[in-house]
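Please read them with the structure open.

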Amino acid sequence: EGIYVQSRGCLLKEVHLNVTDLGLGYQTKEELIFRYCSGPCAEAETNYDKILNNLTHNKKLDKDTPSRTCCRPIAFDDDLSFLDDSVVYHTLKKHSARKCGCV
Amino acid sequence: MQDSAAERPHFSLCWARRPYYASWFHMDVTTGVLYLNRTLEPADFSSQYPTSWPVKRLSVQAVVSNSFIKGSQCAAKRKALITLDFVNATMPVCAETDLKELCFPHTYNPHIVENRFPGAFRQFRRLTRLAVCPNLTVSYSVESDSPAPFAVSENSTELVVTAPLDREESELYRLVMVCTVRTETLITRLETPLDVFVDDEDDNAPYLNGTETADVVISFNRTKGGTFGSLRVFDRDLTTIFPKDKSHNRYVETLLSSDPWIKETFDIKSSFSERKTSPAGIRESVHEYYLVLKRNLHVSENRSVYIDYFVNDTTYPGLEGAVVLHFNVTILPVQINFANTTQEFTVSRRASVYAQVGRICVENCLEFGGFRVTYWLEVLDKNASASSLSCHAAISITQAPDGMWGLLYVNDSEPLHRPECQDLRYAVVAQEEFKELETSTQIQVLLDGEAEQEIQDNQQLLSCAEKRQRRDCEAFRGLGATTGRCLWRPGAGKGISDHYSTCSPDLRTCPDGFCDAVESKDVSICPQDCTTKPVTGGHERGLSGNGVRAGHGTCYCYTDKCFCEKEDVEDVICDDMCKTIVATAL
């Protein structure tokens, strides 16, 4: 259980895709609903983020650019099983978001 | 149907719990014809369980016996189920009656047991329909493509089997029933197919097809559960598997030996199957018998035994319903030897720790079963100096728990760099688990390449599998690398391929879909074969559930967490020629 903040901007969105669109190499005609997290995390920022922002802006951190707060899944959808064109079963785990948060 | 001319059928209805309509019906005791006892009224339809359905289904059970049956006796008898569809309407007039309905009842395909008394088995007249069409003359005949012992009796319009049937001659008769309907002006002919199945009984004795003796030699494989030899017993009858308690064509087998050694060592297992005879296509049973070892045989066991096995078809009514099978068994003792007295292996001085040097195996070791052979290395020169002994620490031997191979591998790469370590001589000792058999051979491990004092091997070596690009891979010194550098396997095939791109310490053993005894010493050596963790990206797991059997694009691993993904720009796109051209252009 990580520490995260639920933000109004960071939302769960969904798109209807073919499994082949995922680019994982599976050859199949199956489809899925892919859910992902998107949106700004500005309201979740702390003094830490503000300081990092200032230091990066003033080029005080050389080439280092530490990660900022971002909108990520904090829980994943159930596994997805499908049959490929060679009639082999595959199961995808942690492939789609269930819940989002700024982490 | 009768089983003999002496049988006299007595028909009656049988009620487990008398329904409200029980009194409406009556069955003729000698003919088995079902009659209405009374005229059905509209009130009868709605009398019980009122529903809005236009049809109610009434079920009636009938029994038949050689003598009169009292109501209470019928419960234990086999019953025929009669279903009657009770329609909330009056009978259609003859002009509205479909001729197909008039001619043929709704019927199932009949079964007749072989070797039984001939007789009538199906009444074709539709009594309810004929009653509304008294002016029509309906007659029946039966036809078939090949000669078949079936006919329609002239006066009764019953289908009759005219002779006892033999399943071993024909399992199925495909008949066509022909119905001819005559009016004063018109003759109409209708046909319907009828398949008559012949049910089997045990009327054939088992037989052998030439071979009654199996010669069995047990030598290298002497594992408990191992099967040897095979003898087949044929039976023209069928063997039913359902219901399980059915005793038809039941075989009882007995091992005819009082020798306690045979009884505690051997068992005979059987399996049965069904095949179709050619060209008639009649099914028959095939029973196959195997000799099975009940325990692991000791390596020194050396004897010959003769095992007789009695197979009895207990339900065959004739005299010769049994056959005797013979297993002529020779058990040879096992010897262990090395094929070569000395063997030479070469290892690069740059090889990393866990690099595989070679394999050791006593003769026929792959066929061994039921006992284990373990290998170890000994330094040949017992009075060797401490420095020589430290050189010999370079190589070690390991063995998978289920394997008969010994794998030589680099246990310590530091001595390989030292100039004073030249060639390493060992004795490989192979010993059978009960220490009764032991053999040894000499091996010489040659160190290839220049001694290089400066290679620092003390740092923790990492896995070749971490590298995602050919250039990084081939420049990297990874765990298990035989030449000191990792090797790149370029991928072939689209989608999820067995031949994915990956970086490996030794392309002979990694990835080969098998986590061998050396690789399993440290999962970082070849995580592609050995990982047990979930893999991210398009992939297929190995057969054992470990490792990556097939992957999409390039598969790489950090420790034992593997990823398979297609790189957007494959570095194989720009080969050496292309690089030259790009460099020139710049």
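1. Two strands count as paired if DSSP finds at least two bridges between them. Helices (H or I, at least four residues) and strands (E, at least two) are DSSP runs, numbered from the N terminus. On that basis, strand β4 (residues 55-65) of chain B pairs with β5(B) over 8 bridges, in the antiparallel sense. Within this pairing, Ser59(B) faces Thr83(B) of β5(B).

2. Ground rules. This is a predicted model: local features need pLDDT of at least 70, side-chain atom pairs count only at pLDDT 80 or more, and totals for chains, interfaces and linings use all residues. Residues are numbered from 1 along each chain as its sequence is written, chains are lettered from A and ligands numbered from 1 in the order in which they are written, and side-chain values use heavy atoms, with hydrogens and water left out.

3. The sheet around β4. An open sheet of 3 strands in chain B has the order β1-β4-β5, with antiparallel pairing. Neighbouring strands are turned by 35° against each other on average, direction ignored. For that angle, axes are lines fitted to C-alpha atoms (for helices over the stretch in contact), and angles run from 0 to 180 degrees between N-to-C directions.

4. Pairings of β19. Strand β16 (residues 251-255) of chain B runs antiparallel to strand β19 (residues 303-313) of chain B, and 5 bridges join them. Here Glu253(B) has Val311(B) of β19(B) as its bridge partner. β19(B) is also joined by 10 bridges to strand β20 (residues 322-331) of chain B, again antiparallel.

5. Backbone points to check. Most residues other than glycine have a negative phi, and most peptide bonds are trans. The bond joining Ser278(B) and Pro279(B) is cis, with omega about 0°. Pro279(B) sits in the loop between β17 (266-276) and β18 (283-293) of chain B. Another cis peptide bond runs from Cys510(B) to Pro511(B), with omega near -10°. Pro511(B) is in the loop between β30 (502-504) and α7 (527-530) of chain B. Asn115(B), which is not glycine, has a positive phi, near 60°. Its place is the loop between β6 (111-113) and β7 (119-123) of chain B.

6. Salt bridges. The count over all chains is 33 (a side-chain nitrogen of Lys or Arg within 4 Å of a carboxyl oxygen of Asp or Glu). One pairs Arg116(B) with Glu201(B), at 2.6 Å, N to O. Arg116(B) lies in the loop between β6 and β7 of chain B, and Glu201(B) in the loop between β12 (187-199) and β13 (207-208) of chain B, so the pair ties together parts that are 85 residues apart in sequence.

7. How many residues does each chain bring to the contact? Chain B gives 7 residues and chain A gives 8 (contact: heavy atoms within 4.5 Å). The buried area is about 510 Å², with 58% from carbon and sulfur atoms. This is the accessible area (1.4 Å probe) that two parts lose on being put together, summed over both. Ile496(B), Glu540(B) and His552(B) lose the most area in chain B, together 54% of what that side buries.

8. The rule finds 0 salt bridges between chain B and chain A.
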